[in-house]
Amino acid sequence: MKIMVINGPNLNMLGIREPDVYGKSTYADLENFVTECCAQQGVECSIFQSNSEGDIVTQIQSCYGTYDAIVINPAAYTHTSVAILDALKAVALPTVEVHLSEVSQREEFRHFSYVSLYACKVITGKGFDGYKEAIEYLVSTNN
Ligand code: DQA
């Protein structure tokens, strides 16, 4: 099984960015964590991060016919991007949406997610462990 893990804008700033909200671990720590989770589950994974909406759309499109599932933290684009929603619907792969923070307990504008209109599962507020849960879920439902 091959899983594509996609992270949106400002997640490359983990460790520096609002540590009270996102913790002190860095983006490199997250990459290592995800790589380890995939190895434990015996799945191949690629990890992609971009601050650009178009690059995220292109990366989702590139999964068509090449990956079995997607884990995505669209970051701020969660709340704004019809283009990312449409790309996910276009490739029609099982997709889990992950957020490090508990978005429902934060500002009102973070309560709505376009991506949730497509995702088969949404995991929020569990930090890095949310990615682990997403990978385990996709492995357990892959047939
Ligand atoms: C986030 C939550 C978003 O609202 C925010 O814009 C982010 C990160 C999270 O992982 O908690 O950049 O997706």
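Glu 53, Ile 56, Val 57, Ile 60 and Gln 61 of helix H3 touch Ala 83, Ile 84, Ala 87, Leu 88 and Val 91 of helix H4, where contact means heavy atoms within 4.5 Å. By class, that contact has eight nonpolar, one polar and one charged residues. This is a predicted model, so local features need pLDDT of at least 70 and side-chain atom pairs need 80 or more, while totals for chains, interfaces and linings use all residues. Residues are numbered from 1 along each chain as its sequence is written, and side-chain values use heavy atoms, leaving out hydrogens and water.

**The helix pair**
- H3 covers residues 53-62 and H4 covers residues 82-91; helices are DSSP runs (H or I, at least four residues) numbered from the N terminus.
- Their axes come within 9 Å and cross at roughly 5 degrees; axes are lines fitted to C-alpha atoms over the stretch in contact, with angles from 0 to 180 degrees between N-to-C directions.
- H3 and H4 are therefore roughly parallel to each other (angles under 35 degrees).

**Around the ligand**
- The residues surrounding the ligand (a heavy atom within 4 Å) include Tyr 22, Asn 73, His 79, Leu 100 and Ser 101.
- By class, this shell has five nonpolar, four polar and three charged residues (Ala, Val, Leu, Ile, Met, Phe, Trp, Tyr, Cys and Pro are nonpolar, Asp, Glu, Lys and Arg charged, and the others, Gly among them, polar).

- A ligand oxygen sits 2.8 Å from a side-chain N or O atom of Arg 17.
- For His 99, that kind of distance is 2.8 Å.
- Arg 110 has a polar side-chain atom 2.9 Å from a ligand oxygen.
- On its own the ligand exposes 320 Å², and the protein buries 99% of that (Shrake-Rupley method, 1.4 Å probe).

Key: Polar contact = N/O pair within 3.5 Å; in protein donor to acceptor, adjacent residues only side chain to side chain. Helix = DSSP H or I, 4+ residues; strand = E, 2+ residues; numbered from the N terminus. Parallel < 35°, antiparallel > 145°, perpendicular 65-115°, else oblique.
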